[in-house]
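Biologist: I have a structure open and would like to learn how to read it. Please take me through it feature by feature.

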Amino acid sequence: MRIALVDLFFSWPPHGGADADLYHTVLGLQALGHEVHLFVAGCVASWERGTVDAAELPFPATLLDFAPREVNPRVMPARFRQAVDAWRPDVVFAGDGFFLKPYVVQALADYPLVSRYYAYELTCHRDHCMFKNGAPCPANYLRTPNACRTCALEGVVGEEVRRWRFHSWTEEYLAAHAFMPGYHARVVASLRCCNAIVVYNRIQKRLLEGLHGNVHIVPGGVNTDAFTFRPLPEKTRNARKAILMTGRVEDPVKGLHTLREAGERLAQERDDFEIRVTHTDFTINNAWFKAIGWHDHDAIMGLYQEADVCVVPSVWEEPFGLVAVEAMASGRPVCVSRVGGLQDIVVHGETGFIFDREDSAGLARHLAMLLDDAGLRRRMGEAGRKRAEREYDWQRLVAKHYPPLLEGLVT
Amino acid sequence: MTGLTDSATPRICAYFSVGRNYLKVLRAIRAEEPNARLCAMVPAGYPVSEAEASVADEIIETQLARYSAWNVPACLRLVRQLRAGRYDVFVVMFDSTELQVLSSLAGARRRSYCTMDGRLVPLTAPIPRVLAGAVARTVRGRLAYALLWLAVRVLRVRGQKETPKLDA
């Protein structure tokens, strides 16, 4: 089968989980014997869009260069359509994109079409997080468009427009005229012209209920060859153990405050731990808390190897939780909050612990158990590695989920 | 770009700001000017990584860990420290108004900022133009916001029952 994959933001090395997801999906489909070709939007004025050397990728790819003024609902969909038409695929897979994606999807509607959604970009115009005022937001743009349009202006979109300096989220919001009432009908129509929708978890699927009848849950994965298992280093009972939190930790929805509070609780009773976070503001450091700066994709692997325990304390409904799977693949026990896709990744008491959202006392309790018991850390780490290999290895994951989905489209 | 300066061994200062791309900035400068004396100017107490230390020739700390434009005496001391360095090129991590003004005051003959994907872009505007640009952007942004606000408040999506419920 010839599969064209289109993405409005793909970059490699990856800027985030969506890039890694698409990269490994393409590799997995190629390994299954499909002919694949990735079409990526690039724009010299935007580091977020298409920072990639297509010739360096291990699969065929075309970088479509757009001038800043061409990032609009007229030029971008037409260019994608032209490029895809020239390649003549059997199926089109639409990857990451924000407010311009519905236009691109509609332009490709003549093909059997699968669309992947990575966060809440369909349902939240504020910041694709569906998280507001410290709690999950009950609104959903597909059902409460007017409330969500107002909310967008109260959030990052309004802030960036007032300063007239944009990231791609706001740039696409303006270019796509997502503030206009007609945009809602376009989003719904773009959903309906997809033959299948792919999401990460049950919550995302539930948000689309009644709008699309063919929604598949396909979790993300991990490259178990790159994230290698190395047994936990032997440490004496009083030696400092490293508790690691990686990812975009400066984003409030990632819940760093919960880990910090848990650290304060632990610090009242013990000094045999150090919390390491990939934060770039080192002024928050103290005796047991260390901002270690941003680390790129390759360097992250080494951080897991040096850690004793990993924590993912997100407070929003994390669509997947790639860092939890990476930690498991590296053989480390993981403590995660009971949100979104995270609660499906960790098996409580087997590969780590699950604590309630913002429950720093619960997190501190679990961390204390892990710090006290090297055997428990080792057992959970090993169980996590096995689970990562069994459930989240990219090749297995793609082989399990995509063949039935794709065959259903062309028969 | 073939180089940041004409000098054979220029002194280049890479000024740190809170952000993810400092190492990328250092590497981009080193790639452009392999023979330069590269000074990494970091805040007091900054934990320099091995990778950063290996790219830079010299690590210099500022007096404070954090500067605010409202703390004028501290900013003046920072400017004095920068000018004393006699740098040929001054590179900042972003093209914000504050960093553009600071780079203008640093006394370097050339100044640049590094984009998130590692491209060095020259900064050429003098301070009055930087400030005028900031004012113009703010005015334009406020006007655009007002129009958006009107569009959102006046033009409504019809046929929708707006009853938010927690789908999650």
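**Reading strands, helices and contacts**

Modeller: Begin with one pair of residues: A:Leu38 stands opposite A:Ala61 in strand 3 of chain A. This is a predicted model, in which local features need pLDDT of at least 70 and side-chain atom pairs count only at pLDDT 80 or more, while totals for chains, interfaces and linings use all residues. Residues are numbered from 1 along each chain as its sequence is written, and chains are lettered from A and ligands numbered from 1 in the order in which they are written.

Biologist: How are helices and strands defined, and when do two strands pair?

Modeller: Helices (H or I, at least four residues) and strands (E, at least two) are DSSP runs, numbered from the N terminus. Two strands pair if DSSP finds at least two bridges between them. Strands of a sheet pair through backbone hydrogen bonds, either parallel or antiparallel. Here strand 2 of chain A and strand 3 of chain A run parallel and are joined by 6 bridges. Strand 1 of chain A and strand 2 of chain A also run parallel, joined by 6 bridges; there A:Ala4 has A:His37 in strand 2 as its bridge partner.

Biologist: Which units do strand 1, helix 1 and strand 2 of chain A make?

Modeller: They make a right-handed β-α-β unit. A crossover is right-handed if, with the strands pointing away from the viewer, the path from the first strand over the helix to the second runs clockwise.

Biologist: What is the strand order of the open sheet of 7 strands in chain A?

Modeller: The order is 3-2-1-4-5-8-9, with parallel pairing. Strand 3 (61–66) and strand 9 (215–217) of chain A are the edge strands, each pairing on one side only. Neighbouring strands of this sheet are turned by 20° against each other on average, direction ignored. Further along, strand 5 (residues 113–116) and strand 8 (residues 196–199) of chain A pair in the parallel sense over 3 bridges, and A:Ser115 stands opposite A:Ile197 in strand 8.

Biologist: Which strands of chain A does helix 2 touch?

Modeller: Two residues are in contact if their C-beta atoms, placed from the backbone, lie within 7 Å. Helix 2 (residues 75–87) of chain A packs on the sheet and touches strand 1 (2–7), strand 2 (35–43), strand 3 and strand 4 (91–94) of chain A. The direction of helix 2 makes about 155° with that of strand 3 of chain A.

Biologist: How should I read the angle between two helices?

Modeller: Axes are lines fitted to C-alpha atoms, for helices over the stretch in contact, and angles run from 0 to 180 degrees between N-to-C directions. Angles under 35 degrees count as roughly parallel, over 145 as roughly antiparallel, 65 to 115 as roughly perpendicular and the rest as oblique. Helix 1 (residues 17–31) and helix 15 (residues 394–410) of chain A pack at an angle of about 70°, with their axes 9 Å apart. These two helices of chain A, helix 1 and helix 15, are therefore roughly perpendicular to each other. In their contact, residues including A:His24 and A:Leu29 of helix 1 meet residues including A:Trp394 and A:Tyr402 of helix 15.

Biologist: What classes do the residues of that contact of helix 1 with helix 15 of chain A divide into?

Modeller: Ala, Val, Leu, Ile, Met, Phe, Trp, Tyr, Cys and Pro count as nonpolar, Asp, Glu, Lys and Arg as charged, and the others, Gly among them, as polar. The contact of helix 1 with helix 15 of chain A has 6 nonpolar, 4 polar and no charged residues.

Biologist: Where is there an example from chain B?

Modeller: The axes of helix 4 (residues 97–105) and helix 5 (residues 127–154) of chain B come within 10 Å and cross at roughly 175°. Helix 4 and helix 5 of chain B are therefore roughly antiparallel to each other. Among the residues making the contact are B:Gln100 of helix 4 and B:Val130 of helix 5 of chain B.

Biologist: How many residues of chain A are in contact with chain B?

Modeller: 33 residues of chain A are in contact with 33 residues of chain B. Helix 4 of chain A gives the most to the side of chain A that touches chain B, with 6 residues. That side of chain A divides into 16 nonpolar, 10 polar and 7 charged residues.
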